[in-house]
Amino acid sequence: MKIFENEHAMQQWLSEQFAMGNSLADFVANFDDFEQPFSNKQSFSLRKVIDSFRFCLSSFDNNEVIVENRDISLNDQDILKPDFLVYAPSTQSVIIIELKNIKGPTRQVGTEIGAYAAEVKTHLPFLADGDVINVVIASHWPALLRHYVFNDIVWMGRKLICLQPVNTQEGIRLEIIPPSLIADTSPEIKFNAQELGGYHLCLYDDRLYGGSDYYGMEDNENQMRCALAAMAAKGNSLKTHGFAFLWRHAFKVGLAPYVITLVNLSAFQKLPRLLLNPEIVLNDITKRLLRILMDHDPEGHGHLLDSICDAGIRFLEGFSKPSPENYTDWNVLKPRIFENTDAIAFVGWGIFEELFFERLHREYQDGEFDYSHDDPLVAIAMLNEIIGEERLYVDWEKLGFNQEDDDGAF
């Protein structure tokens, strides 16, 4: 049964609720269902979605409407009209509410919410991402909309909650959709090695010793760990996903006494996995991206990874000559770290940081208290669980791509 005829009717109903002094918590029917603790059996993706929903709900108790369907842009040439912009005094957060009451395409929801959040930050430049609560109220939750929400929560780290109107004995209320509906949009977090590109940052010590001196650099390990921390901070600030290991040769056999291996997710290498989904229909944009993959084979060794590396290099230049080498993928990089070497420390950023601490927490719960906050053995155990060695290849001829073409045609 259709609850609202159109989005205007939905907006009018919500406006009346706020006008009566109600907050979002007053008309969310299953608000109390999210007070239960996490289950250890829940997948990481599902816990991320539940955590996002709970975080948003903490701002639902006391609300004050700032604007309703009014332009919030500082630029006269732009028109940005969120359905509702609400303030939550209890958490000092800003809530952006977007309404959808159509079954058709909902791709624009992500663009709209992102634009509204950016414009709010032009007014409040110190507003953190976590202080922006995104609420999507939709009568229908098709796969496209659920997929957007999954990516926004899990990969972008945004705080977002999904609601839908329902009829109850008390009248129209909002209901939080099951988090599993969002988490099931995408499989559990898994990668293959080709999706992770990186290189070894070799720390040569020929400043004082005329060659490599392992003992001469041991006093600088704190600076190396600091470099790792700086790299992780930079990776998080760039909203990317990757990790780094600090290690040294166990038998004093390398020209570089110490090495930092940096690895980052490669966006274009994800395309072969995308093609495994039979529901994916290749459109013009996907074909153009595949053409870039075929012609250039970008492996993730771009400016982003260099920026992360540079954040750490400034802590290393005082006692070594850092040199990036061996630009390749995780399949090739991994053996060098753990064969006849001493792995010293690990840091992650983005999803890898979260997964590492998930694994470390699990070890502590099992009574394994000897592991440190940067333990490389815990890290490699975690990575082995989520990264496969199998390479995924694209059948270019089957897709209609001619590698001999120079004009970029499909």
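Predicted model: local features only at pLDDT ≥ 70, side-chain atom pairs only at ≥ 80, totals over all residues.
Residues are numbered from 1 along each chain as its sequence is written, and side-chain values use heavy atoms, leaving out hydrogens and water.

**Helix α1**
- Helices (H or I, at least four residues) and strands (E, at least two) are DSSP runs, numbered from the N terminus.
- The buried residues of α1 (buried means under 20% relative accessible area, with a 1.4 Å probe and protein chains only) include W13, L14 and F18.
- The buried residues of α1 pack, with heavy atoms within 4.5 Å, against strands including β1 (64-68) and β6 (171-176).
- After α1 comes G21, with a positive phi near 90°.

**Nonpolar cores**
- A nonpolar core joins buried Ala, Val, Leu, Ile, Met, Phe, Trp, Tyr and Cys residues through side-chain atoms within 4.5 Å.
- The largest has 74 residues, of which F60, I97, W330 and L383 touch the most other members.
- Helix α2 (residues 44-57) gives this core the most, seven residues.

**Aromatic pairs**
- The whole structure holds 17 aromatic pairs, meaning Phe, Tyr or Trp rings (for Trp, the six-membered one) with centres within 6.5 Å; planes under 30 degrees apart are stacked, over 60 edge-to-face and the rest tilted.
- F243 and F352 pair edge-to-face, 5.2 Å centre to centre with 65° between the planes.
- Because F243 lies in strand β9 (residues 242-249) and F352 in helix α12 (residues 351-365), the pair ties together parts 109 residues apart in sequence.

Note on methods
Buried < 20%, exposed > 50% of the residue type's maximum accessible area, 1.4 Å probe, protein only.
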